[in-house]
Amino acid sequence: MHVIIDGQRVPVSPEMTILEAAEQVGIHIPRLCVHESLTPQALCRLCVVEWEGARTLVPACVARVQDRAVIHTQSERVRRARRTILELLASTVDLSEAPELLAYAEEVGADLERFSDGERLTFPVYDDNPFYVRDYNKCVLCGRCVQACGDDMQFTYALTISGRGFHSRVDTFYHLPMPQTTCVFCGNCVAVCPTGALKAKEELLLEEGLSPEAIWQRKREEKRAWYKER
Amino acid sequence: MNTSVLLQRVGQVDPTRLEDYVAHGGFDALRRALLRRPEKVVEEVKASGLVGRGGAAFPTGVKWEAVARESRTPKYVVCNADESEPGTFKDRVLMEGDPFAVLEGMAIAAYATGASEGYIYVRGEYARAYTLLRSAVDQATQAGFLGDAILGSDFSFHVHIYRGAGAYVCGEETALFESIEGKRGQPRQKPPFPTTHGLFGQPTVINNVETLANVPPLILNGAEWFRSLGPEEAPGPKLFSVSGAVNKPGVYEATMDVTLRELIEEYAGGVRDGGKVQAVLVGGAAGTFVGPKDLDVPMSFSGLRRVGASPGSGAVMVVDERVNMWDVLLRIARFFAHESCGKCYPCRLGTQRQLEIVTRMASGALRYKDFLRLQDLHATMRDASLCGLGQTAGNAIISGLKVMGMGMSDD
């Protein structure tokens, strides 16, 4: 069994995704929402490829190979979709801490200012617990944190998506501060965040120039205040 | 060709009375189906050439066969009654005028595929359809047409009704499943398809109301009769919802070789106040605008393909020359931005940017840069969106601009 990817014959096994098949021969397909420890959601659509005979482009992260399928990962149709998605993304999110996305953008010639005249949502930075900070101005809505918090890792369900369409965002139930939710501060959401929207507080404070000792002192005070409040 | 199959009882029977339905030949098809082996029923539907009437036009028999082949149980039959496509109101007429026919179609589908449970997902705004279906399910269950040991056979089928909450995207089949399961109404990536992983992850037949209403007459009169109606590529009766600037807006039944001009001039009584057609939106907001010089195409798949359109759910919205097309396009752009679920990037962000650009154009600022951006948005949403909502969100905008002479290209 084999597929043809960008003109190259690639031997495959039936359960393989196009992403895995391409990886075997060193073809890297851009991707964002997919993560090795999480169920692929196929929602960022950056990994779409052209499968000869298919009506639309198909997401390589979930599409399983079929014998003799002919796939293009760099056709003009693919590059146009990828370019436009990155341009759209850059018009709503601060990508400064997502170097991979910036590299993809350069590769397909995306003009990251192209849709910058559109509406942009801004959020306050949520610093409501001693462990991590949430800055949704950097959130690309890949949904990884929601998955890690839910069925894929922690079964805690503190995080969810609220709103709809352009106004969708990651949120807590009833928009409660994190300590009042079911969050157990496991840190899995922080670990899977690709853009620095979720950040460990130590990391943030180090970036701000605080010494480790000062950080620990500050966190201790915060914890005390937090318990006192409860 | 004019037919009276799907609408034969609408307005003739009392939709609240089972006896009335039975007196007009109701449940004869179910009786007949139960005398045959399930495979034979699937074969008959396959041979008829019936394709789905919700918009995607997938062959119904092929869908049933795939579910019948699955050995995992329970299996489900889901009736997609979340009719939300703007300009489409044919399912409403069926549910309000002949609700038992929909149930009979579901029962036959269940018998043919080995399903034991049925769900009807009714659009939230259709309060009357819901009430009538509710009463119809109760009466049919009481009388032994649904429930356990139907008509003395060993076939059992229970029907549940679920009401939507107003989201357009929940008419997309996998988002509809998510909604019934109590989750956020968002589509799932396909494959896997509903035939193997549908409602609650089980093998599921999901059919549109009108598709199911086609089943009883098909079983009673046979596949050959069905094939004799209309064009070979899409046989059988079809309902068209004609609205907008016409004298007699309404639901009309015809075969799919009927032309747009016939629907507008003969069925719907022509353009109101003797006006002229400026554009016709075929297939609803997810559909395509067709210009006045293309009205003689038949409403079949191949016919409409010639003008870049598709019949979709059978919606025909007529825009006359007194209407400002910019207002129409703006309304459609707003609709998609409002209804995008927000799951996949191209649609979540693309529908918003499309709305912003169309808003600017409608206010008179026509910039070359905006036309280019619209084309890229359209192509990207069409090619890369996760579900049909995003894939069609730019259709009406681009085709509308073309009809207005704005020189947009298909790519």
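User: Which residue of the hairpin of β1(A) and β2(A) takes a positive phi?

Analyst: Asp6(A) does, with a phi near 50 degrees, and the hairpin has two residues between its strands. This is a predicted model, in which local features need pLDDT of at least 70 and side-chain atom pairs count only at pLDDT 80 or more, while totals for chains, interfaces and linings use all residues. Residues are numbered from 1 along each chain as its sequence is written, and chains are lettered from A and ligands numbered from 1 in the order in which they are written.

User: What makes β1(A) and β2(A) a pair?

Analyst: Two strands pair if DSSP finds at least two bridges between them. Strands β1 (residues 2–5) and β2 (residues 8–11) of chain A have four bridges and run antiparallel, so they meet the rule.

User: How many helices and strands has chain A?

Analyst: Chain A has seven helices and nine strands.

User: Where do the domains of chain A lie?

Analyst: Domain 1 covers 2–107 and domain 2 covers 132–229; such bounds come from an automatic or database domain assignment. Their centres, taken over C-alpha atoms, are 29 Å apart. Domain 1 of chain A gives 13 residues to the contact and domain 2 of chain A gives 14, where contact means C-beta atoms, placed from the backbone, within 7 Å.

User: How many residues does each chain bring to the contact of chains A and B?

Analyst: Chain A brings 26 residues and chain B brings 26. Helix α2 (residues 76–90) of chain A supplies the largest share of the chain A side, seven residues.

User: Why are β3 and β4 of chain B called edge strands?

Analyst: The open sheet of four strands has the order β3-β2-β1-β4 (chain B), with parallel pairing. Strands β3 (158–163) and β4 (204–208) of chain B each pair on one side only. Strand β1 (residues 76–81) of chain B joins β4(B) over five bridges, and Tyr76(B) stands opposite Thr204(B).

User: Why does the length of α12(B) agree with that of a helix?

Analyst: The expected span is 1.5 Å times one less than the number of residues. For the 15 residues of α12 (residues 325–339) of chain B that comes to 21 Å, and the end C-alpha atoms are 21 Å apart, so the two agree. Its buried residues include Val328(B), Leu329(B) and Phe336(B). Among the elements covering the buried residues of α12(B) are β9 (315–320) and α13 (345–362) of chain B.

Note on methods
Two residues are in contact if their C-beta atoms, placed from the backbone, lie within 7 Å. A residue is buried if 20 or more other C-beta atoms lie within 10 Å of its own, exposed if 12 or fewer, and partly exposed in between; C-beta atoms are placed from the backbone.
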